[in-house]
Each structure stands twice: as structure tokens, then as C-alpha cells.
Amino acid sequence: MAASSRCTARIATALKSAATPRIAARTFASRASDASSRTCLRQPPQQTMAPRRAFSNTSSRQKLTTIDQIKARNKGGPFNLTAAVLFVATAGGLWAYFTYEKERMARKRIAEQTKGVGKPKVGGPFSLVDQDGNVFSSDNMLGKYSLVYFGFTHCPDICPDELDKMALMYEKVRERCGDVLLPLMITCDPARDSPAVLKEYLAEFHPHFIGLTGTHEQIKNTCKAYRVYFSTPKDVAPGQDYLVDHSIYFYLMDPEGDFVEAIGRNFTADQAAKVISDHVKDWEKPLKKETRWE
């Protein structure tokens, strides 16, 4: 009995001594956890802040992942198809306007430079006879633009070519501007170019052409006024054929009888018609548009 009691007492003592450290360990752990919890409670709550872009207060644009998103973004942007079309149209309109104004001012400068002080540099008063035998003077040219050509009916090649071109010029100007141009041919060979000869000759080119002739002195003075050179051979026998050397220009005169511009052989019919039409459109005063006026 005594031996068994001693064994029981030893076992109880061993169990008691082994249980004590565990309790102490658990107590320390619980205290540590309580302390950490108390420590966490004392710290202020942390605030999370979203990152901000430097030098900008706007929100960052979402990443574009599809073609439709890119098109949708560019549709409302400043550089799109509509803006490009408007830009090109505006630039083209400005270019056309300034080009037209530049050409108009050049034509105006040419017309002003050709006007003399006191009397015209080219052109002047004259009185001749037309192909119907009626008196035709420089006053009959007033109110319309006039296209004056100097030639002669016996000219073998140059005059027919120029009169053909004159007919084309006349028709093109009529199509663009109406009946505002008077086509005149003044002969440089009055000895052979009578009114009847002029009428038959000019009818081959255009029915509206007006042929003018006169005495040798009248033709000489008219050519001098228009600064036209012409020369006939001396000592020509009656009935003998001959050529007349003369200037080859079309003289454009405005409705007031002032010289505007000389059109040479280097101009085509289209080019010459454009020059005449542009001058007609630049004219700011009234024009007579009758076929013939009294």
C-alpha cells in the first residue's frame, strides 16, 4: 500500500509540473495577442488615394481595344474627313478668288496704261464708208467693244487666216457675253477694195463683219491714228497685181473709243476670245447690245 501511494504521488507531481508551463505559454500568447490588438486600435486608419496624372486634372483615357472605339474617338476630333474637305474647299476658293483678282487688276492696269493724256495713244476719230456705201465714223463704235483689223482683200494667205480666226473669236465672245462686240475690217488697199468688193469678200467669213474703205488719204490718216504700218509699191501699172505690207494685229477698243489691248498672231481663237470676254466682264458701265445703233 505504501509503495503504491508513493507511485501515485509521484505521477501527480509530474503531471502538475508539466501542466504549469503550458498554461503560462498560453497566458503569454493571449496577452501578446491582446497587446497587438490594442496597438492596432490605437493607430489611425490609413486612407487609400488614387494615383493622379502629372500636370493634368483630367481622368486618364480608357485604353482603346477595338477599331470601332478608335473610329468613335476620331469621329469627334478636330482632324477628320469633314474638316479636311472644308479645309480643301476653303483653300481652293481663296486661291480662285485671288487668282481672278490678280488677273483682273492686270487687265485693268493694261487698259489704263494704253490711254493717252489728251488724246488716245492708239485710235482716234475717222470717217469712212462701209460695204453698203454708208458713212461709218468712229462715233458708230461707241457703246460696244470693237475689234478692228487692218488688211486687204487680195491678201493671199495671212488675211484669210486672221479673218477666219476673227470669226471664231467673235462667235465665242457672243456665246459668253452676248452681242457686245463690233467686228471691223479696214482696208489698207483702197484703190482695189471698193465697198462692193469688201461686201463680197467679207461674206465668206462672217455675215456680221463690217468692211470700211475710203480715199487713200482717209485710209492713211486712219492707219496713222491706230499706229498701223502699211506700204504699197510705187509705180504700179493699171491692172497689175501687187501685195500690201501691213501690221497684223487685232485692236480691241472699249465702248468709249479707248484702246484696250492689241491681240497678235500668237493668240489662238480661244485665247483671244478669253481676253476679250474678260475685258467685257470687267466693264462697269452700260453697254449697247443692239445689232446696230443709229
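This is a predicted model: local features need pLDDT of at least 70, side-chain atom pairs count only at pLDDT 80 or more; totals for chains, interfaces and linings use all residues.
Trainee: What makes Cys188 a residue in no disulfide?

Mentor: The nearest cysteine sulfur to that of Cys188 belongs to Cys223, 4.4 Å away. The cut-off is within 2.5 Å. Cys223 is in no disulfide either, with Cys188 as its nearest cysteine sulfur.

Trainee: Why is Cys188 called buried?

Mentor: Its relative accessibility is 1%. Buried means under 20% relative accessible area, exposed over 50%, partly exposed in between, with a 1.4 Å probe and protein chains only. So Cys188 counts as buried. Cys223 has a relative accessible area of 1%, so it is buried too.

Trainee: Which residue touches both Cys188 and Cys223?

Mentor: Phe150 does. Its contacts (heavy atoms within 4.5 Å) also include Tyr226, His246 and Tyr251, not counting residues up to four places away in sequence.

Trainee: What makes a set of residues a nonpolar core?

Mentor: They are buried Ala, Val, Leu, Ile, Met, Phe, Trp, Tyr and Cys residues joined through side-chain atoms within 4.5 Å. The largest one here has 55 residues. Phe150, Tyr226 and Tyr251 are among those with the most contacts inside it. Helix α4 (residues 158–177) gives the largest share, eight residues. Helices (H or I, at least four residues) and strands (E, at least two) are DSSP runs, numbered from the N terminus.

Trainee: How do you know that β8 and β9 pair?

Mentor: Two strands pair if DSSP finds at least two bridges between them. Four bridges join strand β8 (residues 250–253) to β9, and the two run antiparallel. The bridge partner of Tyr251 in β9 is Ala262.

Trainee: Where does UniProt place the feature "binding site"?

Mentor: The unreviewed entry puts it at Cys155, Cys159 and His246. Such annotations may be inferred rather than shown by experiment.

Trainee: Why do you say that these positions gather at one spot?

Mentor: They span 92 residues in sequence, yet no two of their C-alpha atoms are more than 10.5 Å apart, so they gather at one spot.

Trainee: Is Cys159 buried or exposed?

Mentor: Its relative accessibility is 0%, so Cys159 counts as buried. Cys155, at 10%, counts as buried as well.

Technical notes. Residues are numbered from 1 along each chain as its sequence is written. Side-chain values use heavy atoms; hydrogens and water are left out.
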